[in-house]
Amino acid sequence: MKLENLTFKGGVNVPHYKELTENLPIEKAKEPAIVKIPLHQHTGAPCEAMVKVGDSVKVGQKIGESEAFVSAPVHSSVSGTVKEIMDMPIPTGLTVKCVVIESDGKNELHELVRPKGKLEDLSSEEIIEIIREAGITGMGGASFPTHVKLSPPSDKKIDTVLINGAECEPYLTADHRVMAEEAEKVIFGLKAIMKALGVDRGVIGVEKNKPDAIKALKEASQGEENISIATLKVKYPQGDEKRLINAILGRVVPSGGLPMDVGAVVSNASTTRAIAEAILEGKPLIERVTTVTGNGIKNPKNLLVKIGTPFKDLIEECGGFTEDSPGKIIAGGPMMGISQFSIDVPIIKGSGGILVLSKEEAKPEPIQPCIRCGKCLEVCPVKLQPLYISSYTLKKNFDKAEEYNALDCVECGACSYICPAKRPLVESIRLAKREILAKRKAK
Ligand code: SF4
Ligand code: SF4
């Protein structure tokens, strides 16, 4: 089967604004003086601190752990001294316990950071344990612990591993640069996932607007009979994992279901590279590539950044703001990102980008009454009826919003983007989801 120009039904064509950074090679960010490492930056249980104020730590040392299966340990990204352990806001909007470490600038490696052996000699269980110990979580946004994804129940037969290289969010180019510059590691990571799951088919899906990444991946996978590169049409939200599965495999994940229900496991491209580093170098997830971009930033860049580095340091490293004050700062992209009220928040495992909009770009547009044009229904990739869910939510009728399958919304924002009346559709659906889940939990 030809894996070219694939796509899904619905979605929108959004201007991608990637030209600011798409051709800029990854640069190593300056050493941060202080890192603030959250003990809860993943889906699942928070970690307990394994260090106390005054302790010396090394690069790669585990500083937080949980006994829960759905969780992921956290590690120090610098060598230095623990200064504080306290509650702080993080880019997800939550306030969580963070370990504040002052770097000594020496970057002394912890003794456990060492290669884990040849992939051919590692068993499936050993690969999954290396990934768990390295604290690897999805780096595309949801930060779901990867070892959990790689441990499906025995009744779920997985036949394909998909690597998500769509990066459909406007402005962001971190995954793009990782695939273009470190394609060998992405292929190695894919082979490790395939071995962990006992699967002999791997496909990397990349949107067509990343020709250098596609070329690099094709070259790096030459001779790998079980691995193919699929090119995807440029359309939002192609990077949503269920849309990726539909575009590449033609399968539909049922409402409320998971990729494993249709025989697939999906891993983000940067996560897959992190898996390669965990095996080849024994390196836990202590750094990532983050795009610092937007018309509100003087010198946009793709930076290799230590987890825990404050946004402020990276904004300064990129020349600061273009105006006296920024219009809007977003953790992530404009469609699914989260507005920030402080630049003291730290980079976390899921931080794909820092977007700074100018004051002009950030001006809110007036909200008008719905004109029943139906455009939000047309673009919804999940085939929801955003206008009805939103309207019931605004009337606080969350039971009705649930009947309209609000929980299936992937919060892609395509409906809000297309709405000519500028209705706050995704915002109200997010609220409905929170209320429905809170009600279920209370029951
Ligand atoms: S796109 Fe906006 S105006 Fe059109 S039907 Fe949906 S909510 Fe109403
Ligand atoms: S309803 Fe949800 S899934 Fe559908 S377009 Fe809007 S944000 Fe995306």
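1. Basis. In this predicted model, local features need pLDDT of at least 70 and side-chain atom pairs count only at pLDDT 80 or more, while totals for chains, interfaces and linings use all residues. Residues are numbered from 1 along each chain as its sequence is written, with chains lettered from A and ligands numbered from 1 in the order in which they are written.

2. Overall form. The chain contains 14 helices and 17 strands (DSSP runs numbered from the N terminus: H or I of at least four residues for helices, E of at least two for strands). Its radius of gyration, taken over C-alpha atoms, is 21 Å, close to the 22 Å from the globule rule for 443 residues, so the chain is as compact as a globular protein of that length. The rule is 2.2 Å times the number of residues to the power 0.38. Along its principal axes, the C-alpha trace spans about 65 × 55 × 50 Å.

3. Of the 443 residues, 52% are buried (20 or more other C-beta atoms within 10 Å of the residue's own, C-beta atoms being placed from the backbone). Among contacts with a separation of 6 or more, 74% join residues 24 or more positions apart; a contact requires C-beta atoms within 7 Å.

4. Helix α3 and Met179. Helix α3 (residues 174-181) is largely enclosed by the rest of the structure, because 7 of its 8 residues are buried. Met179 is one of these buried residues, which also include Asp175, His176 and Arg177. Beyond four places in sequence, Met179 has contacts that include Val186, Val206, Leu217 and Ala269.

5. Domains. An automatic or database assignment gives domain 1 (31-112 + 284-361), domain 2 (114-280) and domain 3 (375-442). The centres of domain 2 and domain 3, taken over C-alpha atoms, are 29 Å apart. Their contact takes 6 residues from domain 2 and 6 residues from domain 3.

6. Ligand shell. Ligand 1 is surrounded by 14 residues, the closest being Cys370, Cys373, Cys376, Leu387 and Cys419 (a residue is near if its C-beta atom, placed from the backbone, lies within 6 Å). The shell comprises 10 nonpolar, 1 polar and 3 charged residues; Ala, Val, Leu, Ile, Met, Phe, Trp, Tyr, Cys and Pro count as nonpolar, Asp, Glu, Lys and Arg as charged, and the others as polar.

Conventions
Two residues are in contact if their C-beta atoms, placed from the backbone, lie within 7 Å. A residue is buried if 20 or more other C-beta atoms lie within 10 Å of its own, exposed if 12 or fewer, and partly exposed in between; C-beta atoms are placed from the backbone.
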